[in-house]
Amino acid sequence: MPLVWLRLLWRSRRQPEYLQHIGERHGHYPPSSGGPLIWLHAVSVGETRAAEPLVELLLQRYPEHRMLLTHMTPTGRTAGRDLVQRHPDRLHQAYLPYDLPAACGRFLDHYRPRVGLLMETEIWPNLIAAAKRRGLPLALVNARLSTRSQRGYSRLAGLSRPAIAALDAIAAQTEADAERLRAVGARQTVVCGNLKFDVTPPPEKLCLGAHWRQALGHRQVWLAASTREGEEALLLDAFARLPQRHLLLLVPRHPQRFAEVAELIASRQLASCRRSSGSLPDEETRVWLGDSMGEMPAYYALAEIALIGGTLLPFGGQNLIEAAACGCPVLLGPHTFNFAQASVDAIACGAARRVANADEAVATAAELLQQPQQLARMRAAARGFSQAHRGATERTAALIDSLMAPRAAG
């Protein structure tokens with residue numbers, strides 16, 4: 001715990017929000033209204049956005065229930081705020097406590113959920129054990145497990161295997177994920193698909209992107225989306241060597257790095273402007289820094305093509321499905337283990353291309369910007385790819401219904 005406190009203090013230097021709601025991280029919460037409750041845990045931004053269609057469907061399907069949305073990061077909590085504002089009387093937010101026995105017990109005893117839903121890879125042994133003791137049905141939904149993570153769980157089998165085996169149900173994204181989960185102890189595992197395919201881009205954000213496109217006129221824009229630490233420097237160095245006057249739209253993954261990335265751009269003497277300034281790029285602007293939250297669909301709607309961040313260096317990749325849903329073709333670096341099957345499928349249908357490094361990414365983007373017909377084919381393939389894999393929300397909800405039925409009957 002002393003190290004946890006130090007980590008919170010360190011992270012609060014860039015994000016003061018980490019020092020808010022400290023009591024919740026130890027299982028202390030304000031009074032809440034009564035009534036049956038469904039709890040869903042989405043650790044950060046990506047999981048929160050992926051959960052949106054499932055939250056909406058469950059609120060429709062169980063009108064007598066409230067829902068609790070928990071997170072671990074301030075950005076995750078911010079991402080869920082719009083969803084909460086749509087359902088202020090039925091949807092609530094809090095931080096999930098640290099995985100300490102007493103804190104987990106206080107959390108569950110305070111909210112007394114009818115069912116608990118953990119998004120993607122959230123395996124917390126003390127939390128799962130506390131739920132088991134209280135007879136709380138617990139499911140891992142939109143579950144994924146990379147080969148690397150499987151090896152990690154196997155090394156800690158004495159801790160991880162009983163926790164995974166105690167889950168009442170697992171809704172895996174792909175059959176490969178299901179097989180890896182079974183290998184580390186999962187029992188009740190079914191393949192439901194990826195919830196991210198069911199997320200619909202907000203129309204107002206797509207309209208904003210279209211407005212930018214019209215305002216920029218002839219300028220061609222390619223996007224580096226959700227980049228991670230170390231990737232921006234590689235991309236900016238490669239981009240600075242290009243003779244073309246394309247506009248690079250650079251959007252870091254984490255808001256606490258916006259200022260750092262602005263300094264990287266300035267150090268390369270590339271003319272730039274920031275989204276937060278409110279002004280659009282002019283003819284001299286080489287780099288537009290997307291230092292805003294919640295506008296990624298607008299950025300995708302503007303761009304001719306996007307490089308997905310987290311794929312140039314071994315972070316595993318960010319969400320390429322959101323780009324496809326906006327009709328934006330993508331480039332993928334070599335590291336896509338977070339979206340392994342989706343990456344393979346996107347490349348196979350022509351919605352994506354693989355690049356080896358930042359130099360190849362910049363060169364490929366520049367090449368494709370000179371091939372409007374090829375880009376149009378990739379754009380159509382991206383939309384088709386997005387539509388072809390929808391339906392995970394209904395399948396996951398059916399699994400949740402089976403967990404809710406015994407409690408409803410009781």
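Q: Where does His 21 sit?
A: His 21 is in the loop between helix H1 (2-12) and S1. Helices (H or I, at least four residues) and strands (E, at least two) are DSSP runs, numbered from the N terminus. This is a predicted model, so local features need pLDDT of at least 70, side-chain atom pairs count only at pLDDT 80 or more, and totals for chains, interfaces and linings use all residues. Residues are numbered from 1 along each chain as its sequence is written, and side-chain values use heavy atoms, with hydrogens and water left out.

Q: OK, and what's the phi of His 21?
A: Near 55°, a positive value in a residue other than glycine. Most residues other than glycine have a negative phi.

Q: How accessible is His 21?
A: His 21 has a relative accessible area of 36%, so it is partly exposed. The cut-offs are under 20% relative accessible area for buried, over 50% for exposed, and partly exposed in between (1.4 Å probe, protein chains only).

Q: What about Arg 112, where is that one?
A: Arg 112 is in the loop between H5 and strand S4 (115-119). Its phi is near 45°, again positive in a residue other than glycine. Arg 112 is exposed, at 61% relative accessible area.

Q: Switching to the inside: which residues touch the most other members in the largest nonpolar core?
A: Trp 39, Phe 107, Leu 138, Leu 167 and Ile 170, out of 37 residues in that core. A nonpolar core here is a set of buried Ala, Val, Leu, Ile, Met, Phe, Trp, Tyr and Cys residues joined through side-chain atoms within 4.5 Å.

Q: Which elements each supply at least two residues of it?
A: Strand S1 (37-41), helix H5 (101-111), helix H6 (125-133), strand S5 (138-143), helix H8 (157-165), strand S6 (169-172) and helix H9 (175-183). There's also a second, separate core of 35 residues, which includes Trp 212, Leu 216, Cys 328 and Leu 332.

Q: Back to Ile 170, what does it touch?
A: Leaving out residues up to four places away in sequence, the contacts of Ile 170 include Leu 140, Ala 143, Ile 164, Leu 181 and Leu 399. Contact means heavy atoms within 4.5 Å.

Q: How many aromatic pairs are there?
A: Nine. Rings of Phe, Tyr and Trp (its six-membered ring) pair if their centres lie within 6.5 Å; planes under 30 degrees apart count as stacked, over 60 as edge-to-face and the rest as tilted.

Q: What kind of pair do Trp 212 and Trp 288 make?
A: Their ring centres are 5.1 Å apart and the planes are at 75°, so that pair is edge-to-face. Trp 212 is in helix H10 (residues 203-216) and Trp 288 in strand S11 (residues 287-289), so the pair ties together parts 76 residues apart in sequence. Both Trp 212 and Trp 288 are buried.

Q: Which residues form an aromatic cluster?
A: Tyr 29, Trp 39, Phe 107 and Tyr 111 form one.

Q: And which ring does the charged end of Arg 13 sit over?
A: The ring of Trp 10, 4.3 Å from its centre. Arg 77 lies over the face of Tyr 95, at 4.6 Å from the ring centre. The rule is NZ of Lys or CZ of Arg within 6 Å of the ring centre and within 35 degrees of the ring normal.

Q: New topic: what's the strand order in the open sheet of seven strands?
A: S10-S11-S9-S8-S12-S13-S14, with parallel pairing. Strand S10 (272-274) and strand S14 (352-354) are the edges, each pairing on one side only. Two strands pair if DSSP finds at least two bridges between them.

Q: How many bridges pair S8 with S9?
A: Strand S8 (residues 221-227) and S9 pair over six bridges, in the parallel sense.

Q: Is S9 covered or open on its faces?
A: Both faces are covered: Leu 247, Leu 249 and Val 251 are buried on one side, and Leu 248, Leu 250 and Pro 252 on the other. Six of the six residues of strand S9 (residues 247-252) are buried, so it is largely enclosed by the rest of the structure.

Q: Last one: where's Gly 350, and what does it touch?
A: Gly 350 lies in the loop between helix H15 (340-348) and S14. Not counting residues up to four places away in sequence, Gly 350 touches Met 378 and Ala 381.
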